[in-house]
Amino acid sequence: MRDSLRHNRTGALLLGIAVLAGCTDAPQPPASSPAPTSGSSPTTGTSTTGPATGTGVVTVAVDPDLADAPFDEPRQAVVPQGWTLSVWARTARPRLAVWTPDGDLLVSVPGAGTVLRFAPSVDGAPEESVLLDGLDEPHGLAFSGSTLYVAESDRVDAYDYAAGAARNPRTVAGGLPDARSPDLRGAYSHALKSVAVGADGAVYFSIGSTGNVSAFDRTADPPRATIMRVPPGGGPAAPFATGVRNGTGLAVAPDGAVWTAVNGRDNVAFPGPGPDYGRVIDDYVGDHPPEQLARLSPGRELGWPYCNSDGGPADLPFIRDVQTNPDGDLMDCASLPPVEQSMGAHSAPLGLSFVDGGLPEPYARGALVGVHGSWNRQPPRAPEVSFFPWRDGDLGNQQTLVGGFQADDGSRWGRPVAAVAGPDGAVYITDDAADAIYRLAPPG
């Protein structure tokens, strides 16, 4: 299905045809039900997460035909009081998701190079089919009217979507860096890309950093660690926001603003004062820097790798990174606008979506974030689905919408990636560890 596109790969960021208006990514540590512990410095991260008001523990409902591991034994989850959680479908390594205009769920599977289509049915078991295959690590999915945008590791393409089929592919942005880029020689930790479409038809997509601390990404061509923008109607892509280490979460809010949820850096040094200045200390690293949830504007700078968000959970100032910016001469961190929201360090936020009236109160308006869970923090941050309430153009503090994926000993039976509200008033959640798609349903 994609062979016809392969001859047209170029090194430039181009729009091949007018756009219609309308690590593996390493799991970074996630925000979880328990509140993060504080670090040992005056610049302690204070992001918190807790269950939303009125939660309860439920057993995940599983049809016997879907009860392979990890559902070969009962699994329990924390959900809002009166809500239910069920396994809606099983598929290997599902990642980001979007609903089609005609009510089907599309899910990307980067490892298989496919985009899957799940058509709901009256008996609750969706019909699964392959919408697109032969792609290069497809990840981000977005719609603008009947136009479907798919972000692969090296390109963003647009398709005409109708009647369960995606046709007429054209390149929106090509020549994007991935592990096959000659200058990277296979060394690329954050190749997966996300995409969103603004109300004016501008296309936004993420380019992650090469690694944890790789300042040369900022001067690469195209630059990495950015959110890029293709103007309405097409044209060259240009940086919209910089210093974005890995903005896997990318979505447009109800007021039209673009937001990103960022996987921050690891092994940040203690900024002092005191004898531990400049040392990498586990107690400090475990809670620093907080993961950013930021509203973007043209030219927004999120600091990486020279400045780190600090404090929180809301309106986080920046402090200099004493490893990469010891004298503060590479970036004036104090001059950067504060970051709007955050979650605990190493939370690994992946999918980001907004709800605007599609769910019952108190979840009718806000952001849904798939929190993947930390990969190297001790104790691990637990995976969850987080909810951030929408308040007058801003986001309130993090709440746990779905938790319980991690046991007290740090073992996990699942790791959510993305959560999207469905046309039926339920939330659909992908999990690439349990190979599942869940349906979180409100009472009634």
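Mentor: Let us begin with aspartate 315, which lies in the loop between strand 21 and strand 22, and please keep in mind that this is a predicted model.

Trainee: What is the phi of aspartate 315?

Mentor: The general idea comes before the case: most residues other than glycine have a negative phi, and most peptide bonds are trans. Aspartate 315, although it is not a glycine, has a positive phi of about 55°.

Trainee: Is aspartate 315 buried or exposed?

Mentor: Aspartate 315 has a relative accessible area of 54%, and because exposed means over 50%, this residue counts as exposed.

Trainee: Which peptide bond is cis in the loop that holds proline 313?

Mentor: The bond from glycine 312 to proline 313 is cis, with omega near 15°, and proline 313 sits in the loop between strand 21 (307-309) and strand 22 (318-320). A second case is the bond from glutamine 378 to proline 379, which is cis with omega near -5°; proline 379 is placed in the loop between strand 25 (365-371) and strand 26 (384-391).

Trainee: Where is alanine 225 found, and is alanine 225 buried or exposed?

Mentor: Alanine 225 belongs to the loop between strand 14 (203-207) and strand 15 (226-230), and although it is not a glycine, alanine 225 has a positive phi of about 55°. Its relative accessibility is 1%, and because buried means under 20% relative accessible area, alanine 225 counts as buried.

How values were computed. Residues numbered from 1 in each chain as written. Predicted model: local features only at pLDDT ≥ 70, side-chain atom pairs only at ≥ 80, totals over all residues. Heavy atoms only, no water. Helix = DSSP H or I, 4+ residues; strand = E, 2+ residues; numbered from the N terminus. Buried < 20%, exposed > 50% of the residue type's maximum accessible area, 1.4 Å probe, protein only.
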